[in-house]
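Please read it alongside the coordinates.

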Number of protein chains: 2
Amino acid sequence: MMAHHPSRVALAIPSWLNARLAALDQSVRTGDENQMEFVLDLAGENSRRGGGPFAAAIFTDAGELVAAGVNRVVPDSAPIAHAEIVAIAAAGQRLGTWNLRSVGALTLVSSTEPCAMCLGAVPWSGVRSLVIGARDADARSAGFDEGNKPDDWSDHLASLGIDVRVDVLRGAAAAVLAEYAASGGPIYNG
Amino acid sequence: MMAHHPSRVALAIPSWLNARLAALDQSVRTGDENQMEFVLDLAGENSRRGGGPFAAAIFTDAGELVAAGVNRVVPDSAPIAHAEIVAIAAAGQRLGTWNLRSVGALTLVSSTEPCAMCLGAVPWSGVRSLVIGARDADARSAGFDEGNKPDDWSDHLASLGIDVRVDVLRGAAAAVLAEYAASGGPIYNG
């Protein structure tokens, strides 16, 4: 006999993350490296707190932080709770829209190249730029599966008007993954 | 000034859906067509209630309903709230695991061929079978974008041991999409 059906799916923005988001709320953070530094700090903190070593955040053109997400697959029992999925949904719910394009040219900053699922989510979100830290190969080196991506994913996003910028603080981003692997963190989706 | 950061992302299992799930809880529903009939009924009901014309459900090998989801993109302000994403997360949270494979050979029944994002989610979920009603072309005919899928997605899932069965009640499934389009429902992700 299974538990009752839940009335909703809940993906947490943990309280430590919420505190960091609130602290940034009155300031701006501009530039890919500056924004990536913030995201890598979240990825490292999340992995030290029992989540996966992945984070993502969404910024406005002016550098205001709209939302962030961290990987919650294991603690939330949700195989789809990747950082990008959580960040995109959190941004939509905070702004009250399913189409982030309607509020301006937003940027999704991802600590690692998004997996096949999260790449598929990027056009649905309405973000206009995607900024990536570690490469697919760095994630695979740490033992994570990135899934079956179309070969032309980057060109395809560009064809939709989504600007893709890669290798932003790649070394530091790959180090977050390597540290997680070295610490023996669980490799789900493996 | 934006609203406060939310403490979680919430994707609803609406009360009408919860009532149907509870009603099925003491019975079983076996066979692809029988399960698809249930899912198409949910897709039609969801579109009549202001959601997208898509539904998905997860069944055990014995035909017990584990969880279901409907498209909540517009009402939940969440571009990632596709039926499959909601159903997979609901199943994980109900069963208390991020890996559905750990509880048996589960089947994901989807009213329409999953989009690029949802196809990417299938291996992460741990389901062992994917049953599809309407084709990608049927969704595109109704105006929906299905995203950029790898050409070999079906073979790739098969290579992971995930059995893919297509065209299950395809005519009825395509009719749900066509009715939605004819009624002038919003085409998000367009």
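In this predicted model, B:Ala57 stands opposite B:Ala68, a residue of E3(B). The strands concerned, E2 (residues 55–59) of chain B and E3(B), pair in the antiparallel sense over five bridges. Strands of a sheet pair through backbone hydrogen bonds, in either the parallel or the antiparallel sense.

**Sheet of chain B**

- Five strands make up an open sheet in chain B, in the order E3-E2-E4-E5-E6, and the pairing is mixed.
- Strand E3 (65–70) and strand E6 (163–165) of chain B each have a single partner strand and stand at the edges, so one side of each lacks a neighbour in the sheet.
- From one strand to the next, the twist in this sheet averages 15°.
- Helix H3 (residues 83–95) of chain B packs on the sheet, where it touches E2, E3 and strand E4 (107–112) of chain B.
- The direction of helix H3 of chain B makes about 145° with that of E3(B).

**Sheet of chain A**

- In chain A, an open sheet is formed by five strands in the order E3-E2-E4-E5-E6, with mixed pairing.
- Its edge strands are strand E3 (65–70) and strand E6 (163–165) of chain A, each of which pairs on one side only.
- Strand E4 (residues 107–112) of chain A pairs with strand E5 (residues 129–134) of chain A in the parallel sense, over five bridges.
- A:Ser110 has A:Ile132, in E5(A), as its bridge partner.
- Packed on this sheet is helix H3 (residues 83–95) of chain A, which touches strand E2 (55–59), E3 and E4 of chain A; the helix direction makes about 145° with that of E3(A).

**Relation between the chains**

- The same surface serves both copies, since 100% of the contact residues of chain B recur in chain A.

**Largest pocket**

- The volume of the largest pocket is about 540 Å³.
- This pocket is lined by 33 residues, of which A:Ala116, A:Gly147, B:Leu119, B:Gly120 and B:Pro123 are the closest to its centre.
- Helix H4 (116–125) and helix H6 (153–159) of chain A, together with helix H4 (116–125) and helix H6 (153–159) of chain B, are the elements that give two or more residues to the lining.
- By class, the lining comprises 18 nonpolar, twelve polar and three charged residues.

Notes: Residues are numbered from 1 along each chain as its sequence is written. Chains are lettered from A and ligands numbered from 1 in the order in which they are written. This is a predicted model: local features need pLDDT of at least 70, side-chain atom pairs count only at pLDDT 80 or more; totals for chains, interfaces and linings use all residues. Side-chain values use heavy atoms; hydrogens and water are left out. Contact means heavy atoms within 4.5 Å. On a 1 Å grid over the protein atoms alone, a cavity is a set of points where a 1.4 Å probe fits but cannot get out, and a pocket is an open set with protein on both sides within 12 Å along at least five of seven lines; lining residues have an atom within 4 Å of a point. Grid points are joined across faces, edges and corners, and a volume is the space filled by probe spheres set on the points. Helices (H or I, at least four residues) and strands (E, at least two) are DSSP runs, numbered from the N terminus. Ala, Val, Leu, Ile, Met, Phe, Trp, Tyr, Cys and Pro count as nonpolar, Asp, Glu, Lys and Arg as charged, and the others, Gly among them, as polar. Two strands pair if DSSP finds at least two bridges between them. Axes are lines fitted to C-alpha atoms, for helices over the stretch in contact, and angles run from 0 to 180 degrees between N-to-C directions.
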